[in-house]
Amino acid sequence: MSAITRDEVAHLARLSRLALTDEELDHFAGQLDQIIAAVARVAEVATDDIPPSSHALPLTNVFRPDEVRPGLTPQQALDQAPAVEDDRFRVPRILGEEA
Amino acid sequence: MSTPTETLMPFDEAMERYEPVLGLETHVELGTASKMFCGCPTTFGAPPNTQVCPVCLGLPGSLPVANAKAIESTIRIGLALNCSIAEWCRFARKNYFYPDMPKNFQISQYDEPLCYDGYIDVEVDGETVRIGIERVHLEEDTGKSTHVGGATGRIHGADYSTVDYNRAGIPLVEIVTKPITGTGRLAPQVARAYVAELRDLMRALGVSDVRMEQGSLRCDVNVSLMPRGGTEWGTRTETKNLNSLRSVERAVRHEIERQAGILDAGGRIIQETRHFHEDTGTTTSGRSKEEAQDYRYFPEPDLVPIAPDREWVEKLRAELPEPPSVRRRRLQAEWGVSDHDMAAMRNADAIDLVEATVKAGAPPADARKWWMGELARRANESGKALAELPITPEQVARVCELVASGQLNDKLARQVLEGVLAGEGTPDEVVERRGLRIVSDEGELAAIVDQVIAENAEVAEKVRNGKIAAAGALVGGVMKATKGKADAARARQLILEKLGVSG
Ligand SMILES: [Zn+2]
């Protein structure tokens, strides 16, 4: 039984805004399945006395004081933008006409 | 998909047949100096993209670090809402594609909010309603989009959009209520009173400027209806981004009337987000959700967990300010004002100012008179909030003092306030520069009285003959001669003395 279905890969591709062909879906589903199976081996050594962890370091409460620090100028910020208008990032139409 | 014509059911009728269930999500922008995860400033209204850096623009390789003050403020909010504070919790990534979030995810909290399970009491029509608080969590605000082209400036029909990321990354606290049931016909007022109470609480805590019109406090309202006597809640709608107390109340009322109309006609409520329109007081369908949102939350790997120290939490709890409702009751008793006057002051955001003016030495009645009268009028004229007027409570207290000591009358005091607001200096400086002090020199006033009597011999004769009411005209003459700078009561006294009659 595979760890991830082709439909799930298609769903993730859509959420990630990736246009995958049918061949690519077949291909990636197989690859992802292998990757998940490899990572799943962690579960074999994770016994009940080992709590799940999301972070590699046993740190908590890393904060910075509420102080303003210099950032970028608008020119620097917009320098790499594909399109700019009135010192703002210009982006393509977000939603189509109201259906 | 066009919405079929909707027939509203009148509110009273809707309330006879259905029981509303509410839920409110309120977003509060914290008033920190810097953003949540970077050191960019947070000043409202700065030119576009002047308060940005690699972190809040989501540039590759940048790393967030949490703002200590924002964590502290959130815990204080949680404590003030009678919440439990998490022993340990994490930030989470909420993944979605939308231009206002340059990272393509928002750092938020998912199943481990910083504060949970609290309540707040609000008063409506003399009834106390306890609103349960589900959770209080911390996240980052998004950028601001402007939609260009199309007829309405709305997102639908726009040709393209432009984005300013100054607001992206400002700490945002989300406060979510538990379902609010059993409020019946008070539901719209309860929703409004709850948001008003939250606003006062945030202000008392000093964590946000809570300017609804600037979006630093905004509210989403969930409404559903169930038939009276039923047990199963109906499908809910979520009306987004309400930015005034009045809108909150109207939106709830409208949704109740709209949903009741649909249910009554045998229709079904669609679970969707809706937009409220200030001009018509109605809501319209927003983006309909073709599919359930899938945000793929996961623990934020770039930020380590938060484990608030219990001693710190208890210290913050001990330092909480007096709850706003308790404070309002105390001040009302101290000032001896009616419920109506107190509510008016609350609506005008004048309570803090009046309190500070009283603290600076003014009698409560005088402090209230100036803030709710002349100053409220001037604020209204200039489209400003009372607190934004360029005058301090100490200065208003000084004006009250000058009036009380007889150095100014009300008319002159208004001119002094005008001068202070115009930037002419302190009240004393304005009095000096504009020459507004009352003529208090007895000799000078007596000379003016003599002159006025001489110029109005006929009137003076009437007064001598006992027609004391006619003295008013002479007092008017004195006020005119002094350009309003005489103490009218003293002038009258002098006139009567000189004419040999007793008032
Ligand atoms: Zn930044």
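Guide: Let us start with helix α2 of chain B, which covers residues 68-80. This is a predicted model, and every value here is computed from it. At 1.5 Å a residue, the 13 residues of this helix should span 18 Å, and its end C-alpha atoms are 18 Å apart, so expectation and model agree.

Now look at how the helix begins. B:Asn67 caps the N-terminal end of α2(B), with a side-chain oxygen 3.0 Å from the backbone nitrogen of B:Lys69. Further along, the buried residues of α2(B) are B:Ala70 and B:Ile71, then B:Ser73, B:Thr74, B:Ile75, B:Arg76, B:Ile77, B:Gly78 and B:Leu79. Just after the helix, B:Asn82 adopts a positive phi of about 60°.

From here we can turn to the aromatic rings. Over all chains, the structure holds five aromatic pairs. One of them joins B:Phe37 and B:Phe91 edge-to-face, 5.4 Å centre to centre and with 85° between the planes. This pair links distant parts of the chain, 54 residues apart: B:Phe37 is in the loop between β1 (18-29) and β2 (66-67) of chain B, and B:Phe91 is in the loop between β3 (84-85) and β4 (92-95) of chain B. B:Phe37 is buried because its relative accessible area is 5%, and B:Phe91 is buried too, at 2%.

Another edge-to-face pair is made by B:Tyr96 and B:Tyr295, 6.1 Å centre to centre with 70° between the planes. B:Tyr96 lies in the loop between β4 and β5 (105-108) of chain B and B:Tyr295 in the loop between β14 (282-285) and β15 (298-299) of chain B, so the pair ties together parts 199 residues apart in sequence. Buried is the word for B:Tyr96, at 18% relative accessibility, while B:Tyr295 is partly exposed at 23%. The cut-off explains the two labels, because buried means under 20%. B:Tyr96 and B:Tyr295 belong to one aromatic cluster with B:Tyr110 and B:Tyr297.

Charges meet rings here as well. The charged end of B:Lys94 sits over the ring of B:Tyr295, 4.5 Å from its centre.

Side chains of opposite charge can pair when their charged atoms come close. A search of the whole structure finds 51 salt bridges over all chains. One of these is in chain A, where the side chains of A:Arg6 and A:Asp26 meet at 2.5 Å, N to O. A:Arg6 lies in helix α1 (residues 6-15) and A:Asp26 in helix α2 (residues 22-40) of chain A, so this bridge ties together parts that are 20 residues apart in sequence.

Back in chain B, B:Arg346 and B:Glu197 form a salt bridge of 3.4 Å, N to O. B:Arg346 lies in helix α7 (residues 339-347) and B:Glu197 in helix α3 (residues 187-205) of chain B, so the bridge ties together parts 149 residues apart in sequence. B:Glu197 counts as buried, at 5% relative accessibility.

B:Arg464 and B:Glu461 meet at 3.1 Å, N to O, and both lie in helix α14 (residues 457-464) of chain B, three residues apart, about one turn of the helix.

Definitions and conventions. Residues numbered from 1 in each chain as written. Chains lettered and ligands numbered in written order. Predicted model: local features only at pLDDT ≥ 70, side-chain atom pairs only at ≥ 80, totals over all residues. Heavy atoms only, no water. Salt bridge = Lys/Arg side-chain N within 4 Å of Asp/Glu carboxyl O. Helix = DSSP H or I, 4+ residues; strand = E, 2+ residues; numbered from the N terminus. Buried < 20%, exposed > 50% of the residue type's maximum accessible area, 1.4 Å probe, protein only. Expected span 1.5 Å × (residues − 1). Polar contact = N/O pair within 3.5 Å; in protein donor to acceptor, adjacent residues only side chain to side chain. Phe/Tyr/Trp six-rings, centres within 6.5 Å; stacked < 30°, edge-to-face > 60°. Lys NZ or Arg CZ within 6 Å of the ring centre and 35° of its normal.
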